[in-house]
Each structure stands twice: as structure tokens, then as C-alpha cells.
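Here are my notes on the model, point by point. Please read them with the structure open.

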Amino acid sequence: MNINDFIRHFAEQFDDTAAEIFKPETEFKNLDEWSSLMALSIISMIDEEYDISIGGSDIRNAKTIEDLYRIVENKK
Amino acid sequence: MQDNPFSLAGKTILITGASSGIGRATAIACSTMGARIIITGRNAEALAKTRSLLAENDHSVILADLSVDDDLENLVDECPTLNGLVCNAGVGGLIPIQNITKKGIDRISSIDLVVPMLILKSLLRKKKLVKDASVVFTSSAAGVYRVSPGNAIYAAAKCGLDAYMRTAALELGHKGIRVNSVNPGMVNTPFINGDLFSEEQLESERRNYPLGRFAEPEEIAYGIVFLLSDAASFITGTSLKIDGGMTLK
């Protein structure tokens, strides 16, 4: 897995946020489109694309997209 | 009928998903009310723990993964004739509709809908349910009374389970077999205390409950005990909402 693909999959969950907004350092919970349902979408995306189960606490522990990427990577 | 119609003395009851949560609480409550219990689940250690908590009687433990066809058939073969079935094993999972996969549908609906359908069918085919037996499905307020974001597969499975319950009640009435469901809201079990919800989310959800809290597993178990007992002898095809008033809001 690499971070660029991860960011692409991450961005695909959003409808109204431009793809170029998503960077490793993006603090995703500050995005207008972020919601508890979006958190579920991200968890589901990670399960589907990487076959890795993360929980709500992993989302809570990540500030940036890169933080979350590292968390997922460490579960491989 | 016995002197105390709420007693389960003399009844033999199979309980699936008895390793934890509502299943464990139901096994304990049924044993306290005098029943002989057969508990089943996937986790030997957790089942042994449940067994150790039961009031003394000639209970049995049968290890089975009910999503495996052979395990389900072996369980039914090993069961004695039953006065009651509590089909309680369940799994959850929050997946928004745009992220649904066939794997996700299969994982949830297999345990929550397909297994209950097959276990009842198999028990009937193998003549393991006595005349006047009582079947109770652990359904949910979700789907049947309320939907919430991310819960589509679970809600659909539980709606399906309730429809199956009512159809079974209609088909099996002439045998004297009663079929009902309990439909809990949120219950303090490993099911909700995993990593899915933050404490803030749970606190916010609790505010939807007029009684101001979620259920304890025993509070669902007592509804199941009632439906299993002769006190419920004219109740069939009913979804018993046990939700602390949540769906009133």
C-alpha cells in the first residue's frame, strides 16, 4: 500500500470536497463534509480496499490523513 | 400447565449465541427459572464460563459455528427434544450504503437472518420441537421500528427475521408451536461496547431513551423467559419491543 492510493480512496468517499484538498497533512476531521457517517465510510473503505479492520478509536487517534495511513499500515 | 405459569421447570431449551451478552443472560435466567439448557456458540472458553453461571441442572454445552452447515446439522442432531428455542446469535456492523459489499452483506445476513431460518427448519424437519414449543428470535428495534445511518444491512436482516418469525408463527400454529421475537434497543453488551462508538456517541444515544439508559442483558432475557413460558401460551407472531421507550421519540 502507498499513501497516494490511500489518499485517493479516502477522497473518493467525499462528494463536495475537491480532490486536491486531500494531502498527507490534511486534518480531515476539520473538513466541512466530515461526519460520523463519513467516519463509517472511511472504516468501510479501509476494510474493502486493504482488508484491515480499524475501529472508531483509530479514527479518533488520527489527526491527519497520514496519521490514519500509518495506523492502517501498522495493522498489516 | 403448572401452578406458576412463569416457571420453566421441566422445559429443555436450546440457546444460540450463549457465549456472552443477551444469550448468556438468557441462559442464566432460564436456568434460574428451572429449565434445562443447551447452550451453543463458537467460543469454548466463553461457553464454559456461561455454563459455570447456570443454576444446577443437567445442562449441555455444544460448540458450533452455525454459519457452517455441518455444525448446524450436528447441533440439531445432538439436541434432545426441545420445549424452547432461543435463536439469539447475532452480529452487527455499520456500513454506509455507498460502501456496502457482498462480503459485508453475507457476513451480517448469514448470522442474523439465514442461520435463524435454517436452524428452525432443521429442528422441525428432525422433529426436535415438541407440540406447544416456544421459539424466540432475538431481533431488534433496528429495522423493525427504527432505522439509523450506517445500519442498513443489519436493519434489513432484522426486518427479514421479523417477517420470518411472523410467517413461522402462522405456519406452525396448528402444531401448537408459538414463534415470537424480542426487539431490543441498545443493550450493554460486547456488541455495542466494542470499538464502534465513542463514549460521546453512546452518551448522545442514551438521551434518546426516556428511561435515560440502555438495557442490561438481563432485561432482554426476562422478556425471552416470558415468551418461553406457559404464561405466554396465547402469544404468537408478536414482536416484543424492549427499548426503554426509545421508539416513542
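**Helix packing, core and chain contact**

1. Helix 1 of chain B and helix 7 of chain B are oblique to each other. Their axes lie 8 Å apart, at an angle of about 55 degrees. Angles between 35 and 65 degrees fall in the oblique class, so the label follows. The model is predicted, so treat these values accordingly.

2. Helix 1 of chain B covers residues 21–32, and helix 7 of chain B covers residues 217–228. The crossing of the two is right-handed.

3. Which residues meet here? From helix 1 of chain B come G21(B), I22(B), R24(B), A25(B), T26(B), A29(B) and C30(B). Helix 7 of chain B supplies P217(B), E218(B), I220(B), A221(B), Y222(B), I224(B), V225(B) and L228(B). By class, this contact has 11 nonpolar, 2 polar and 2 charged residues.

4. The largest nonpolar core has 80 residues. I13(B), C30(B), I37(B), L85(B) and I224(B) touch the most other members. C30(B) and I224(B) also belong to the helix 1–helix 7 contact in chain B. In soluble globular proteins, nonpolar side chains tend to be buried together.

5. I13(B) deserves a look. Leaving out residues up to four places away in sequence, I13(B) touches L8(B), C30(B), A35(B), I37(B), L82(B), N83(B), G84(B), V86(B) and L228(B).

6. Between the chains, 13 residues of chain B contact 11 residues of chain A. The chain B side comprises 6 nonpolar, 6 polar and 1 charged residues.

7. Is S204(B) buried or exposed? S204(B) is exposed, because 12 other C-beta atoms lie within 10 Å and the exposed class takes 12 or fewer. S204(B) sits in helix 6 of chain B, residues 199–206.

Notes. Residues numbered from 1 in each chain as written. Chains lettered and ligands numbered in written order. Predicted model: local features only at pLDDT ≥ 70, side-chain atom pairs only at ≥ 80, totals over all residues. Core = buried A, V, L, I, M, F, W, Y, C linked by C-beta atoms within 7 Å. Buried ≥ 20, exposed ≤ 12 C-beta atoms within 10 Å, placed from the backbone. Contact = placed C-beta atoms within 7 Å. Nonpolar A, V, L, I, M, F, W, Y, C, P; charged D, E, K, R; others polar. Helix = DSSP H or I, 4+ residues; strand = E, 2+ residues; numbered from the N terminus. Axes fitted to C-alpha atoms, helices over the stretch in contact; angles between N-to-C directions. Parallel < 35°, antiparallel > 145°, perpendicular 65-115°, else oblique. Left-handed = near helix turned anticlockwise from the far one by under 90°.
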